Amino acid sequence: MRMNLYFLEFSYLNFIALLGLSDDQNQFWKWKGNCKSCRKALTGLKPLFCANFCFSRGRFSACRSVWCPDCYVQDDMVKFHYAKAANDDQEEIEMEELGRKSCDNAGDRYKVGIPGAHLSVSFQCDLCVFRNLYRRDPSGERDDMALCIIRRINLDAFWSREPSTLKANIGQLNTLITLCEGQGFSPHLPARGPFPVEDTVGYSVAFGMLAQSLRAGRHSRSYTQFGTIRKLRSAFSNLYMTSPTCGENQVTSAVGGSPKTYLTQCPTNSLWFARWSLGCETRMGFILKQNKVMSIEVLIALIKLTRKKIERSQAEKEKWKCIMLFSYIIISFVGALRGSEGLQLHLQETMLDLDKGKKISSGPPFINPHVIIALEGRFKGEKGERCHKIALSSTTKSGIPVRQALELLLAGRQSLVRSQSPWVFVNIDGSKVSFGEMNELYLDAMVELKEADDLNVLGMDECEIREEFSIYRSFRRSSTTHAQNVEVPEEVVDVHNRWRKIERAKGRAPKLNMRERYSDIEHMIPTMLRYSDPL
């Protein structure tokens, strides 16, 4: 097996090392060695020389590792995931510039080394990284998997930079060396090595992330996507922040109330780890499964369906569920709310303003009929509860009956539910309706709507309802999409989402530590209604 080659080559390479170190070890552009794969004699800036090439480290002798860029390839022993390139033509051009034949598929782009990549991204060979992690040399088949993952780590780091960028970097370094040597001295360039026999840049975390990527994920049985494996990096960084090492090296600055700045030696904050992470994410790509947008036609049909379900319901429990779904659909769409935001509707605060805005105001300004909904919750960075009030049109341009839905909801809340809970959306037993419960009501209604649409008038035949829709974002995305279609100005959308900015600012800006009252937002109602009126 290939692991045994390390032992067969050691004596030969050490002998060559004694012959090849007559020049200054720091003059890496003069290093000479034989490719570990094809045995070709190599020197200069293009071959991939390990940073520890001619340095012994601790009890380990010099590795003497160097490869032709074309020879430093990914072993097919492990099937890593490769995202399809967005521009295959561009990839072919880059590959041909490197002197290689054009790739058969996009994945080959990341499976080979790049000339001079080790001069832009620190590079320790597979053997040296193995020594750093295991504190020993590889021994036979049991270490094949580890070396394969290490090779993938190095290739990902290389491919964080484009070949054209690396080619330009080689050209500039060659120019610098030639100019200096033309004047009779060698340029004083930073030494390539040696690195200590330990993990100083985050190889162990990168190793764990790639190992996890080989497991079946949520969206694919063949791999776990980058958005999931990167959480290991966060876990390590958080752990590092609690260690004595962090406490010894950390510097904190807080001047004039500005955000604090921390200087840290955490390996996963190193430049190498940032480059590797970028290369890994670029290779793997990502799966983005957004909740599907409902057309305005589907929404109107869904509202009509739930209204009929209310009329047909006999049992109080079933009737109340239908009323909640009917009102939640309307309020979440017109209010551009997502997930549990709509479930934060506060009973007492909403009742206080229910009678306001029933008619057009005598003005000026002339304010169209509207309702005020009150969303309440405890947000990070705030003391106590926060009540955010939003003005919505009583009836939108497409005929969505917001006031009718809100009045029906509040009437049902008082007559059908006997509970002291402050929330509007509660079950018959008084417990607050959860995200999962409301989502299930919504999906059941969507499935029923699809099945009733025999002629596919709504265009839902190809939809996988339970896979593509959810209250998490379907209503918000549908609302903002329809707002764009009816040309609602972007600044109006921003004002409408004003309360979310408060939440994102964690209660610190703007500083509103008191409950908002109707008078606090009255002057903003005309602007707020510019969002919901056209919907």
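Predicted model: local features only at pLDDT ≥ 70, side-chain atom pairs only at ≥ 80, totals over all residues.

Student: What about the largest nonpolar core, how many residues has it got?

Tutor: It has 63 residues, and those with the most contacts inside it are Leu45, Cys125, Ile153, Phe158, Trp272 and Trp276. A nonpolar core here is a set of buried Ala, Val, Leu, Ile, Met, Phe, Trp, Tyr and Cys residues joined through side-chain atoms within 4.5 Å.

Student: Which element gives the most to this core?

Tutor: Helix H4 does, with nine residues. Elements giving two or more residues include strands S3 (48–49) and S4 (66–67), along with helices H5 (163–182) and H10 (271–284). There's also a second, separate core of 62 residues, which includes Ile331, Leu406, Met460 and Tyr531.

Student: Back to Cys125, what does it touch?

Tutor: Leaving aside residues up to four places away in sequence, Cys125 touches Cys50, Cys63, Ser65, Trp67 and Asn154. Contact means heavy atoms within 4.5 Å.

Student: Okay, switching to H6. Why call it largely enclosed?

Tutor: Because eight of its eleven residues are buried. Among them are Tyr203, Phe207 and Leu210. The cover over the buried residues of H6 includes H3, H4, H7, H8 and H10.

Student: How does H6 cross H8?

Tutor: The axes of H6 (residues 203–213) and H8 (residues 231–241) come within 9 Å and cross at roughly 150°. Axes are lines fitted to C-alpha atoms, for helices over the stretch in contact, with angles from 0 to 180 degrees between N-to-C directions.

Student: And which residues make the contact?

Tutor: On H6 it's Val205, Gly208, Met209 and Gln212, and on H8 it's Leu232, Arg233 and Phe236.

Student: New topic: how many aromatic pairs are there?

Tutor: A search of the whole structure finds 19. Rings of Phe, Tyr and Trp (its six-membered ring) pair if their centres lie within 6.5 Å; planes under 30 degrees apart count as stacked, over 60 as edge-to-face and the rest as tilted. Trp31 and Phe53 are a stacked pair, 5.3 Å centre to centre with 25° between the planes.

Student: Where do those two sit?

Tutor: Trp31 is in the loop between H1 (4–20) and S1 (32–34), and Phe53 is in the loop between S3 and S4, 22 residues apart. Both Trp31 and Phe53 are buried. Ring pairs link Trp31, Phe49, Phe53 and Phe55 into a cluster.

Student: What about Phe273 and Trp276, how is that pair arranged?

Tutor: That pair is tilted, at 5.4 Å centre to centre and 55° between the planes. Both residues lie in H10, three residues apart, about one turn of the helix. Phe273 counts as buried at 2% relative accessibility, and Trp276 is buried with a relative accessible area of 0%.

Key
Residues numbered from 1 in each chain as written. Heavy atoms only, no water. Helix = DSSP H or I, 4+ residues; strand = E, 2+ residues; numbered from the N terminus. Buried < 20%, exposed > 50% of the residue type's maximum accessible area, 1.4 Å probe, protein only.
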